[in-house]
Amino acid sequence: MKKRVAILISGRGSNMTALINSMTGDHPARPCVVISTTPKVQGLRNALERNTPTVTLNCGEYDRASESFERDLDIQLKRANAELICLAGFMRILSADFVGKWQGRILNIHPSLLPKFKGLNTHARVLAAGETVHGCTVHQVTAKLDDGPILGQLKLTVHKHDTAVTLADRVLKLEHVLYPVVLRHFIAGDLNQAALN
């Protein structure tokens, strides 16, 4: 039986698209639902074009710390019979209670080489710190922000002419490579760090 993967997004869903495109043929998983916190985004259209069911849970209709959002999210995940969650540009912090319910079954991709530069605005912070190496990380999600076990990383060299925008574009290309590889390894039970560089 193929593992059923739910993908959570908030915008264009480019990592979601890379994940769905990878889950074909002998891949051990299939996408079962794409859930967006924002209505009418490109990611929802991309999912539907790939015959993946979509749901919108509009964050604008929930309080920031609303328990009802996570209750509704859990309902939708169970309705789709999801077994694994991939966060792909999902711009909402999940509570410790929710993560606890899905412990060991949530992956996230982050645009830095964790444990460095947790949180937002990673590319600008990398430049401000004078870093010469940057990249992305896929990790298991725990109750602490961007702090779970690392499953894979890809690196690139920071160029002198780089800006936050150019770095974001370059790192995003690495994300599209890394996330599908790590997902396949994870479902196969391989929790070692994927080394692609």
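Predicted model: local features only at pLDDT ≥ 70, side-chain atom pairs only at ≥ 80, totals over all residues.
**The whole chain**

Start with the protein chain as a cartoon. Its secondary structure comes to six helices and eight strands. Follow the elements from the N terminus, and they run β-α-β-α-β-α-β-α-β-α-β-β-α-β. Along the principal axes, the C-alpha atoms fill a box of roughly 50 × 40 × 30 Å. The protein chain has a radius of gyration of 16 Å, which agrees with the value near 16 Å that a compact globule of 197 residues would have. Of the 197 residues, 49% are buried. Now think about contacts between residues at least 6 apart in sequence: 62% of these join residues at least 24 apart.

In soluble globular proteins, nonpolar side chains tend to be buried together. Select Val-5, Ile-7, Met-16, Cys-86, Tyr-179 and Leu-183 and show their side chains. These residues touch the most other members of the largest nonpolar core, which has 34 residues. Next colour helix 6, residues 164-187, which gives this core its largest share, nine residues. Another core lies apart from it and has 23 residues, including Leu-8, Leu-57, Phe-69 and Leu-73.

**Met-16 and Asn-46**

Go back to Met-16 and show what surrounds it. Not counting residues up to four places away in sequence, Met-16 touches Ile-7, Ile-9, Val-34, Gly-43, Asn-46, Ala-47 and Ala-88.

Pick Asn-46 from that list. Asn-46 sits in helix 2, residues 42-49. Is Asn-46 buried or exposed? Its relative accessibility is 12%, so Asn-46 counts as buried. Leaving aside neighbours within four places in sequence, Asn-46 is in contact with Arg-12, Met-16 and Thr-17. For Arg-12, look at the backbone: its oxygen lies 3.5 Å from a polar atom of the Asn-46 side chain.

**The cysteines**

A disulfide is a covalent bond between the sulfur atoms of two cysteines. How many disulfides are counted here? The count comes to zero disulfides. Select Cys-86, which is in no disulfide; the nearest cysteine sulfur belongs to Cys-32 and is 10 Å away. With a relative accessibility of 0%, Cys-86 counts as buried.

**Charged pairs**

Side chains of opposite charge can pair when their charged atoms come close. Lys-118 is partly exposed, with a relative accessible area of 30%. Asp-147 is also partly exposed, at 34%.

Move on to Asp-162 and Arg-170. They form a salt bridge with the closest N and O atoms 2.6 Å apart. Asp-162 counts as buried, with 8% relative accessibility, whereas Arg-170 counts as partly exposed, with 24%.

Another pair to show is Arg-71 and Asp-72. In this salt bridge the closest N and O atoms are 3.7 Å apart.

**Last stop: Val-141**

Return to the loop between strand 6 and strand 7, and select Val-141, which lies in that loop. The relative accessible area of Val-141 is 11%, and the residue is buried. Which residues is Val-141 in contact with, leaving aside neighbours within four places in sequence? They are Leu-87, Val-99, Gln-103, Ile-106, Leu-107 and Asn-108. To finish, draw a distance between the C-alpha atoms of Val-141 and Leu-107: they are separated by 5.6 Å, with the two residues 34 residues apart along the chain.

Conventions:
Residues numbered from 1 in each chain as written. Heavy atoms only, no water. Disulfide = S-S within 2.5 Å. Buried < 20%, exposed > 50% of the residue type's maximum accessible area, 1.4 Å probe, protein only. Core = buried A, V, L, I, M, F, W, Y, C linked by side-chain atoms within 4.5 Å. Helix = DSSP H or I, 4+ residues; strand = E, 2+ residues; numbered from the N terminus. Contact = heavy atoms within 4.5 Å. Polar contact = N/O pair within 3.5 Å; in protein donor to acceptor, adjacent residues only side chain to side chain. Salt bridge = Lys/Arg side-chain N within 4 Å of Asp/Glu carboxyl O. Rg over C-alpha atoms; globule rule 2.2 N^0.38 Å.
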